[in-house]
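Subject: Structure handover

Hello,

Here is the structure I promised to pass on. Please open it first, then read the notes below.

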Amino acid sequence: MRNPSNLAILEKAEEIFELVRTITDLIPEDNEHLQSYKGQILGDAMMICVKISSAEAVKLYDLRMENATIIRKAARDLMVAYHGLEMFGFEEAKYYLMVREKIEEFRLLFVDWVANFNPKHFITDHWGLFNPPGISHDYEQRDDELNFLDEEDAD
């Protein structure tokens, strides 16, 4: 597929990860609760980068949407992490508001990125979660709908 290293959305995700890492490096090492929370926050930031790369490595609509769903959850968890940092008494929590601004910038890129997933590149998801619009879980897929699997990547 495309080269994920050239994607603006991946660049923004990496920017978010670096910002989260810089801010969470301020967490006192002797605070067990905040250290545990730090791991969770860093994991969410890292997950976004990994799942963008995973989505870009496949053609299948359902797998791309599955990755997008995980990205969305991780980004939303990062948005609300500010409250957890405050709750656990992190004195530098105010800096985390910058992460929230970056997540909003990321969200706009994300909407455009997902809109470009090709809904014709699908194999029926019999669980019914990630089928393109109008495709049910019991859809009988025709062989000619799978021709995209044989196509060379244009990118």
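Rings of Phe, Tyr and Trp form an aromatic pair if their centres lie within 6.5 Å, and planes over 60 degrees apart count as edge-to-face. Keep in mind that this is a predicted model. By that ring criterion, the structure holds five aromatic pairs.

One of them joins W113 and F117. Their ring centres are 4.9 Å apart, and the planes stand at 80° to each other. The pair is edge-to-face because that angle is over 60 degrees. W113 is buried, at 8% relative accessibility. F117 is buried too, with a relative accessible area of 4%. Both residues also belong to a cluster, in which ring pairs link F106, F110, W113 and F117.

Now the core. In soluble globular proteins, nonpolar side chains tend to be buried together. Here, the largest nonpolar core has 42 residues. I52, Y96 and W113 touch the most other members. Four helices each supply at least two residues of this core: α1 (8-24), α2 (32-56), α3 (61-87) and α4 (97-115). The biggest giver is α3, with ten residues.

Y96 deserves a look on screen. Leaving aside residues up to four places away in sequence, Y96 touches V20, I23, I41, L78, A81, Y82 and L85.

Next, charges. Side chains of opposite charge can pair when their charged atoms come close. The structure holds twelve salt bridges. Three of them are set out here.

- D25 and K38: the side chains meet at 3.4 Å, N to O. D25 lies in the loop between α1 and α2, and K38 sits in helix α2, so the bridge ties together parts that are 13 residues apart in sequence. K38 counts as buried, at 16% relative accessibility.
- K73 and D77: this salt bridge spans 2.6 Å, N to O. The two residues are four apart in helix α3, so about one helical turn separates them. K73 is exposed at 52% relative accessibility, whereas D77 is partly exposed at 26%.
- R142 and D144: the side chains meet at 3.0 Å, N to O. R142 is partly exposed, at 46% relative accessibility. D144 is partly exposed, also at 46%.

Salt bridges with shared partners join K12, E15, K102 and E105.

Best wishes

Definitions and conventions:
Residues numbered from 1 in each chain as written. Predicted model: local features only at pLDDT ≥ 70, side-chain atom pairs only at ≥ 80, totals over all residues. Heavy atoms only, no water. Phe/Tyr/Trp six-rings, centres within 6.5 Å; stacked < 30°, edge-to-face > 60°. Buried < 20%, exposed > 50% of the residue type's maximum accessible area, 1.4 Å probe, protein only. Core = buried A, V, L, I, M, F, W, Y, C linked by side-chain atoms within 4.5 Å. Contact = heavy atoms within 4.5 Å. Salt bridge = Lys/Arg side-chain N within 4 Å of Asp/Glu carboxyl O.
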